[in-house]
Amino acid sequence: MSNKTTTSTMQYQSNEEKQIAQIRLGIQTSISHLLARDAKKYDNVVQNFPNLNAEQLNITFKALIKIPEDIIKAYYSDVTQNNLLLVILGISTKVLCGNNKDLQSTFDNLMLTLATKSTSSNRDLTGSKHVQKESILSAILTFCIEQFVPLAPFQVSAIEAQTKQQLSPEQVKDMEEIKKQNVHNLLYKLSKKVSGTSFYGTLKKALQTKYPTAISTLLDHKEYVNNLFIMTKYIPSLCSHSFSLIVQHLIEMDAQLVALNATESVEEDENAENIDIENAVFDLELNEENIEETRIYCAEKLDTVITVVFETIEKRIKENNAKDFLDSIFNAMMDLFKNFVLNQYQLHSIQFLMFYICSHNVDYMDKFAGFLLNNIFNTHLNPDVRKCCAAYLSGLIARANYVTNTTILRVLGQLFNWSDKYIQTFEQSVTFIDVSSHSLFYAVCQGALYIVCFKLKQLLKPEGKDINQLIAESRQFFAQSPITRIVHSRFNPLKVIAQDVAEEAVNIFSQYYLFDFHQVIERNQSIVIPQLKGDGNDFLETNFFPFDPYLLRRSEKYITPIYQRWEGGFEPLSNHQQIFGSPSKNDFHSVFNNANDMDRFRDSQRNRTKSDVYLFEYDNKEEDEMEDEEEDSECSESEEENEFDEFSYYDASGSGNGRSPPKTIAIKKKNTLSGVSGMSIGSGSFDESPFKHHSPYGWNAISLSPHI
């Protein structure tokens, strides 16, 4: 029996070898005719490929492996539009979806052979007209990357036509999994077989070219990102590039969503002529009928992809090489902030990726904070970028519940000291409040006080220490600070910055018995700022809070545990009351009774018809009649009228100075600061600042010298 089996196998192999030899000879002959400018036979061969069954394809692929040079020559021929390699790639999706391991192995070998041979052959084509055609390596890699998205309906129909059976959704899902495994196996083999920069350069280009567009489906985006992350596990050198590619497209989605949210109110906005909706909305034609549907769909798409990113990071940090992966994506995010994020205003969600990454390593937080400080104090940067950095820095420090006291104090020290040096340099020339000329100063002051609103309680009451000692330490810290000089300066920052931030900072200072600036707030009521562009409460044109509450409904679960919501100000304890007595009933923060109140209060202060801080909707019900009541009860009653709808994404439209469509900042190096020329300020980097040489709170961390 054994001898019969062996004989049968040998006969089969002999027959197969004969078939391979015949097919190879026939294809070689057709290519020879093609190169002699006779494409008839070659066209017949190419056109017959889609009709081959799995067994015939397997034998034909084995024949083609033996003549790679001929296939390469035919590929670069311009005699006919038919191309053997492109036809093979076109029909090979069904190969990847099948469970025929022998056929898949033969196909892989053919691709590897052509890729390796073509990279050396292309050197001989330099200078010829043939190099204008896409390289064979590029065609193969592009084919692989095209498989990163789910099967299109026409592809499923083609497979059904060939197999002559109707595929159920479960069968299609199984085919998708088989395809994913096969394509990653092929890419892995190519990465090991084809060496040199040509492979990685070509692959990067294919990843960029085939990335789903704005009109691609949500599932296409999700699966493409999933496959990108899978690829980075066996090609780790592309981790940073792949992550950057994903986030760049997320930035576009984020900006698109903000622009869509603004379209409903653009006609009512007094500054509507400054909003470039057409350029902000990518690849979409909008009208009144589809804008709401498009807005919700874009929010779903953004939320879904960000969730995939968060899920991947969470899984990778549990693996052995987590540090390398986190370092790679952190460095990628740093580059993205430099080149993209800081050049756009009013993005809703992307910044929370960095917020999340920084939570995994205290060094990331310090490096990112140092980077933002360095930009704030860099006089060669565009002033708008510097103000944007101040907003991101203050929001990051204020909202991260994982930030250390050391980092908080260092940042506050830098910001307060810079503001003090600024006042010393320019106060004598101030005759009135000129917001436009000194907008950077006001942005920095607002950022510092915003941090105080959220973190003063943490600074005074870290866990495990006696509260009396903590208060003594806080008094020492703030006693060394220039806060009093800043507040009482001619610049009068409490008049210019967001009034809810100013009032809450004043109240929390007073309630912790550090400073009393209530008289400044009262005096400011009678001060009118010339050339006012704000709405009466918000004088800074570029005023925004990039880390306002994150409420994309799927992905928020990754942010909520590390996010500090507004806690309603001072929380009196029994020992506080024994030492200092109970807070006044008229305290500002007695208005706020839950975690969201201050965020919503700032929203209402901007006269918005709908809050643009959230990506969820609120149903604002109109009351029949309301009698005038005290300010506290007005605020609390208005909050009761806001009903949260957890099933719909928020429409972030509305008039006033809320979030508007992202505006690209024209970055130009400047040797002078608008309105503050001749000012040279230290880097502010934690690594370079002399914290360790002077006060631990950084009062001497910044130097100032005039330009010559």
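**Aromatic contacts**

The structure, which is a predicted model, holds 40 aromatic pairs. A pair of aromatic rings is described by the distance of the centres and the angle of the planes, and the points below use both values.

**Phe 148 and Tyr 224**

- The rings of Phe 148 and Tyr 224 form an edge-to-face pair, with 5.7 Å from centre to centre and 65° between the planes.
- Phe 148 belongs to the loop between α8 (136-146) and α9 (153-163), while Tyr 224 belongs to helix α12 (residues 218-234), so this pair ties together parts that are 76 residues apart in sequence.
- Both Phe 148 and Tyr 224 are buried.

**Phe 352 and Tyr 550**

- Phe 352 and Tyr 550 form a tilted aromatic pair, at 4.8 Å centre to centre and with 50° between the planes.
- This pair links distant parts of the chain, 198 residues apart, with Phe 352 in helix α17 (residues 351-358) and Tyr 550 in the loop between α26 (518-524) and α27 (556-559).
- Phe 352 counts as buried because its relative accessibility is 1%, and Tyr 550 counts as buried because its relative accessibility is 4%, where the cut-off for buried is under 20%.

**Ring cluster**

- Ring pairs join Phe 337, Phe 352, Phe 355, Phe 368, Phe 371, Tyr 392, Tyr 402, Phe 544, Phe 547, Tyr 550 and Tyr 563 into a cluster.

**Charge over a ring**

- The charged end of Arg 316 sits over the ring of Phe 325, at 4.8 Å from the centre of that ring.

Definitions and conventions
Residues are numbered from 1 along each chain as its sequence is written. This is a predicted model: local features need pLDDT of at least 70, side-chain atom pairs count only at pLDDT 80 or more; totals for chains, interfaces and linings use all residues. Side-chain values use heavy atoms; hydrogens and water are left out. Rings of Phe, Tyr and Trp (its six-membered ring) pair if their centres lie within 6.5 Å; planes under 30 degrees apart count as stacked, over 60 as edge-to-face and the rest as tilted. Helices (H or I, at least four residues) and strands (E, at least two) are DSSP runs, numbered from the N terminus. Buried means under 20% relative accessible area, exposed over 50%, partly exposed in between (1.4 Å probe, protein chains only). A charge sits over a ring if NZ of Lys or CZ of Arg is within 6 Å of the ring centre and within 35 degrees of the ring normal.
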